[in-house]
Amino acid sequence: MEKEILATFRATTAKPDYLTTEKFDAMLGGWGVFNLGIWAAANVIAKEMQKGRNMKLEVTNEAYTDVDDIAKKSVKKLMDCGADPANAALATATLLYWAGVNAQCGIPCPNRKLGAVARMAAGVPSGRVASIPTEKLNNKISGFAATLAIYEALQKEYLAPFDAKLLPLGLGGSPFLGHSAIGEDHLFPELGEKLTRIGVRAMLKAYESAGMRPNKWLSAILACSAALEIIHPDAFVGEEYGPFLLTRTPEVCGMAAVEEAEMPKVIHIRGTDEELKTAKVVGDFALILKDCGTPTVVGMIMFNETCSIIREGAVLGVGRAGGPLLLPLNHWVTSAALALYLLGRGATQEETVTAIKKSVGMFIQPEDATVATNILARRAEFVERGPVTDAIIRATEPSMCNSILKRATFAYEILKNGKTLEELVKKVQERHIATIADGTARIMSKVLNRNIEYIKFKEVKPGAGRRTHKFAKRYFAFDGYVDVEVKVDGKVHRMKNLLADVAPKALLSGDKETMSTIATVSMAVTELLNSGACSMDVAVCACMAAAMGMDPKEAAERSAEAANVIISMPWPGLKNAAQLAADIVKELQ
Amino acid sequence: MISRKEFLSRVMILGQYCYTERGEITVKTVFTALKSFLQKDESKRLEGLLPSPLRELWQESPFVEVGYDSNKDYIVLVSKIGNYPYKAAAERDVKIVFAGIREFMDESTINELISILPDKEIFEKSKSCSLNGSAENFL
């Protein structure tokens with residue numbers, strides 16, 4: 001192997017930071033995210049599982065259980081990684097749930113609920129659904145929408161299935177009502193169902209009113225939580241709702257929420273395709289959210305991303321980093337949560353590796369997604385090593401090595417043949433953009449059930465003319481110019497200056513036809529805007545130029561300048577990587 | 001006598017499956033693997049022990065030729081036939097089907113059944129709470 005190729009390979013992979021424009025250290029401060037904390041906590045929990053700890057909430061006569069202990073360790077790790085205590089509680093409960101811990105168990109005492117276990121481990125006060133925000137989808141709402149609608153309905157009409165004034169004295173909280181037909185067969189399920197439906201409708205409406213595509217997942221969960229704040233959240237219900245000892249009010253509310261939000265009854269786990277009852281999962285998380293304190297928007301982003309192991313996530317609004325889009329890495333926790341899920345169910349490392357590979361392969365750009373997952377796992381190991389990152393590194397390292405080596409060899413050949421660095425980067429960028437276009441056409445044809453024959457980016461560059469600031473003119477992510485052509489169902493559509501002109505005009509004028517065409521390319525454009533998440537293409541070019549004798553600073557600057565789309569924001573790490581490549585090549589014998 | 005529908009409903013509850021067909025698919029996967037794993041005479045004996053609705057499901061489950069590696073481990077065979085993503089998921093479903101069978105057989109037939117089964121330990125562990133009214137696994 002040529003020493004320039006070896007030096008480039010080693011320099012680009014020497015630090016996880018050299019393959020992304022993301023700021024990994026800032027991720028550890030909790031500023032906007034705390035995803036590395038989730039990776040670390042997943043390792044903490046997995047290590048405890050491997051010690052044989054009892055991962056179950058049970059009706060045992062003891063003050064303190066294994067789950068309490070593990071929750072404390074997980075919360076501490078998350079807080080060390082910048083999570084606010086309430087966010088650490090929610091993230092812990094969510095990870096423990098996916099690791100296999102049940103959401104609730106019990107009788108009046110012990111009455112153990114996973115959300116409360118995690119909240120008490122974090123030492124935070126209880127909260128109310130009205131104060132729980134949704135994940136940020138540019139804008140955001142809160143559970144207040146559901147709570148408000150539910151209480152308005154309680155004032156306007158009579159929602160219980162009987163006249164409560166007829167109840168005899170002394171029945172408040174008694175088993176006469178709570179453990180018998182009145183409560184279990186009528187009051188709890190019937191009222192729970194009504195309240196949940198009201199809450200779901202209100203959440204969906206609030207999303208739309210605030211300019212967001214309604215998030216079915218969070219609408220369903222927060223509406224259920226709001227309903228469970230009112231009805232008995234632990235009660236067993238009549239057999240028509242499900243089997244005794246297995247079905248409680250949260251699942252009944254979940255059933256109503258799933259129906260009202262028009263969610264599928266069955267959801268699947270990424271990488272394994274295992275089936276889960278949507279109503280059960282929604283009900284369980286509603287209960288967890290009700291009890292875990294008051295998370296912030298950042299906490300809710302991380303909650304959703306931790307749940308993005310659900311294959312239908314992209315459609316339902318369950319996180320965004322599970323694919324197929326390659327989002328900024330600060331969202332990414334899917335592989336960590338998936339590995340924890342699998343290890344919690346007894347999968348071997350080999351089986352976990354297979355599932356992770358399959359899951360990462362579902363991205364529009366599987367190579368970039370694999371590298372992104374790898375560098376996150378490697379960075380997370382700085383914080384906490386363990387079985388989760390072990391499995392993920394095993395799943396992604398071979399493919400990452402292949403991707404970098406392939407690119408390094410290509411770059412070497414091009415530069416050796418006398419082409420300039422700019423010509424090399426231009427070729428690489430064109431290939432990167434074409435991969436996004438082809439991948440999006442393939443995936444969106446299935447999602448939209450339309451025949452997207454091709455997507456061609458005619459021109460992509462920084463500076464759409466909407467802003468005059470030099471920074472916006474230089475970096476694609478801040479004022480991107482996009483001309484695109486797409487052939488859908490036999491018809492060719494051309495859109496010039498999509499982001500600054502076509503899209504806002506169509507949306508604001510309610511032009512459904514144009515918006516429907518934009519839907520076929522919007523994921524590809526988003527993917528372009530997020531290109532810096534995995535910047536191996538540019539890192540390899542800069543490192544190769546430096547390894548072949550160019551001044552490292554110049555190699556970094558010229559590469560970044562030429563990669564005016566796929567390096568969508570400033571990236572100081574590129575110069576360090578190029579310098580390292582130059583240093584390595586000098587000492588190679 | 002238990003009906004086929006009742007048995008499959010019970011399996012669905014024990015497995016917490018999302019829909020009834022999943023129960024039937026699981027039972028047939030476990031039976032196919034068992035049928036393919038056992039010697040012919042053992043297979044015939046086992047069939048004779050099953051209550052008639054279960055025998056019907058047994059007869060509907062195909063026999064498949066298995067390779068040497070699969071032959072060594074019954075759960076691996078279930079995993080391959082059912083296309084499970086990991087072995088523990090297959091083991092879970094085997095326990096669920098066995099627990100369902102146990103509920104509808106008397107003790108002496110169960111003992112005879114155990115003597116034929118390839119993985120006796122798993123069958124021993126496969127007990128649902130309805131056997132003794134204990135709710136320890138569910139509360």
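Beyond its neighbours within four places in sequence, A:Thr92 is in contact (heavy atoms within 4.5 Å) with A:Ala71, A:Ser74, A:Val75, A:Leu78 and A:Ala118. The structure is a predicted model, in which local features need pLDDT of at least 70 and side-chain atom pairs count only at pLDDT 80 or more, whereas totals for chains, interfaces and linings use all residues. Residues are numbered from 1 along each chain as its sequence is written, chains are lettered from A and ligands numbered from 1 in the order in which they are written, and side-chain values use heavy atoms, with hydrogens and water left out.

A:Thr92 belongs to helix H5 (residues 85-99) of chain A; helices (H or I, at least four residues) and strands (E, at least two) are DSSP runs, numbered from the N terminus. The relative accessible area of A:Thr92 is 0%, so this residue is buried; the term buried denotes under 20% relative accessible area, exposed over 50%, and partly exposed in between (1.4 Å probe, protein chains only). The side chains of A:Thr92 and A:Ser74 make a polar contact at 2.8 Å. A polar contact is a pair of N or O atoms within 3.5 Å; within protein, one must be able to donate a hydrogen and the other to accept it, and residues adjacent in sequence count only if both atoms are side-chain atoms.

Helix H25 (residues 573-587) of chain A comprises 15 residues, which at 1.5 Å a residue should span 21 Å; the end C-alpha atoms are 22 Å apart, in agreement with this value. The expected span is 1.5 Å times one less than the number of residues. Buried positions of H25(A) are A:Gly573, A:Leu574, A:Ala577, A:Ala578, A:Ala581, A:Ala582 and A:Val585. These buried residues pack against helices H1 (3-14), H23 (536-547) and H24 (552-562) of chain A.

In the loop between helix H11 (249-260) and strand S3 (266-268) of chain A lies A:Glu262. Phi of A:Glu262 is near 55°, a positive value in a residue other than glycine, and A:Glu262 counts as exposed because its relative accessibility is 62%. A positive phi of about 60° is also found for A:Asp273, which is not a glycine. A:Asp273 is placed in the loop between S3 and strand S4 (275-277) of chain A, and its relative accessibility of 32% makes it partly exposed. Most residues other than glycine have a negative phi, and most peptide bonds are trans. The peptide bond from A:Gly323 to A:Pro324 is cis, with omega near 5°; A:Pro324 is in the loop between helix H14 (313-316) and helix H15 (334-344) of chain A.

Strand S3 of chain A contains A:His268, which counts as buried at 15% relative accessibility. Its side chain makes a polar contact of 2.5 Å with the side chain of A:Glu312. Not counting residues up to four places away in sequence, A:His268 touches several residues, among them A:Asp273, A:Glu275 and A:Ile310.

Between the two chains, 22 residues of chain A are in contact with 15 residues of chain B. About 1600 Å² is buried between chain A and chain B, 63% of it on carbon and sulfur atoms. A:Leu245, A:Leu246 and A:Glu275 supply 33% of the area that chain A buries against chain B, more than any other three residues. Buried area is the accessible area (1.4 Å probe) that two parts lose on being put together, summed over both.
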